[in-house]
Structures are given as structure tokens and as C-alpha cells.
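Have the viewer open while you read.

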Amino acid sequence: MAARLLAVAVDCNDVDVMTEFWTTALQTGVSDRWTDSHGKQYVEISLGTGDAVLLLQPVVETKSVKNRVHLDLATVAGSQDDEVERLCSAGASVIDLAPDDPWVVLADPEDNEFCVLLPR
């Protein structure tokens with residue numbers, strides 16, 4: 001038997017804000033919304049790569065330490081600087097410009113780190 005990736009889950013205090021940010025960042029849409037047995041509403045965002053989604057899951061606690069898992073994004077068109085500027089205008093903030101590395105570390109509106117790499 002083998003396993004397959006279904007989702008990358010991101011804890012969120014405000015699922016609506018995070019949905020707006022990540023659908024804008026990934027230039028995609030919501031593929032599903034559902035409610036668990038405790039009444040918490042989840043949002044699935046299409047990654048455009050098949051079955052896997054970005055799952056935004058509501059939590060009450062705030063982020064307190066560095067992420068153990070993060071997303072790496074690569075620009076599809078335009079420069080890395082243009083993409084960083086676009087994401088910052090959507091609500092991200094720059095954490096580290098990493099001038100000696102091919103990535104820029106950003107944080108989403110709830111301070112989850114992710115990287116923007118050079119075009120591939």
C-alpha cells in the first residue's frame with residue numbers, strides 16, 4: 001500500500017482572511033467548504049495540481065513558534081521581486097530577504113512563513 005497527499009493544513013484564527021489571502025496568492029479558488037462534527041468550518045483551496053488542496057482549519061490558539069512545515073512558491077511570470085510585491089500588497093510581509101539565497105521569506109496575514117523562489 002501507499003499513501004497520497006490529500007492536503008497541506010494551515011491553522012487559522014480567521015479563516016475568511018486567510019481564504020482571501022491564499023486564493024489571491026495562488027490565483028485559484030475555493031474548491032470546497034465543510035463543517036466538522038464540532039461546528040468548525042474548513043475551507044479547501046485548489047492547488048491546481050490534482051487532488052491535493054491547501055486546507056484552512058480554524059483554531060483558537062495563535063501561532064507561537066516558527067513553522068515546522070512551510071510552502072515554497074515559485075513565480076510563474078515576472079520577477080521574484082514583482083511576486084514579492086504582489087504578495088505583500090495582498091497581505092504578506094517580508095521576514096527575510098536572504099540576499100545570498102534564491103528565496104525570500106514572507107509571512108501570511110497570520111504570520112505563517114512561506115518562501116518565494118526564483119522562477120523555475
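## Cysteines

C115 is a buried residue, with a relative accessible area of 8%. Keep in mind that this is a predicted model. The C115 sulfur has its closest cysteine sulfur in C88, 13 Å away, which is too far for a bond.

C12 is buried too, at 0% relative accessible area. For the sulfur of C12, the closest cysteine sulfur sits in C115, but the gap is 18 Å, so a bond is out of reach. A disulfide needs the two sulfur atoms within 2.5 Å, and the structure ends up with 0 disulfides.

## Salt bridges

The charged side chains do give you something to look at: the count is 2 salt bridges. One of them pairs K63 with E113, at 3.1 Å from N to O. K63 belongs to the loop between β4 (53–58) and β5 (71–74), while E113 is in strand β8 (residues 113–117), so this contact ties together parts that are 50 residues apart in sequence. On the accessibility side, K63 is partly exposed at 32%, whereas E113 is buried at 17%.

R86 and E83 form a salt bridge as well, with their closest N and O atoms 2.7 Å apart. Both residues belong to helix α2 (residues 80–89), where a spacing of 3 residues separates them by about one helical turn. R86 is partly exposed, with a relative accessible area of 23%, and E83 counts as buried at 15%.

Methods:
Residues numbered from 1 in each chain as written. Predicted model: local features only at pLDDT ≥ 70, side-chain atom pairs only at ≥ 80, totals over all residues. Heavy atoms only, no water. Buried < 20%, exposed > 50% of the residue type's maximum accessible area, 1.4 Å probe, protein only. Salt bridge = Lys/Arg side-chain N within 4 Å of Asp/Glu carboxyl O. Helix = DSSP H or I, 4+ residues; strand = E, 2+ residues; numbered from the N terminus.
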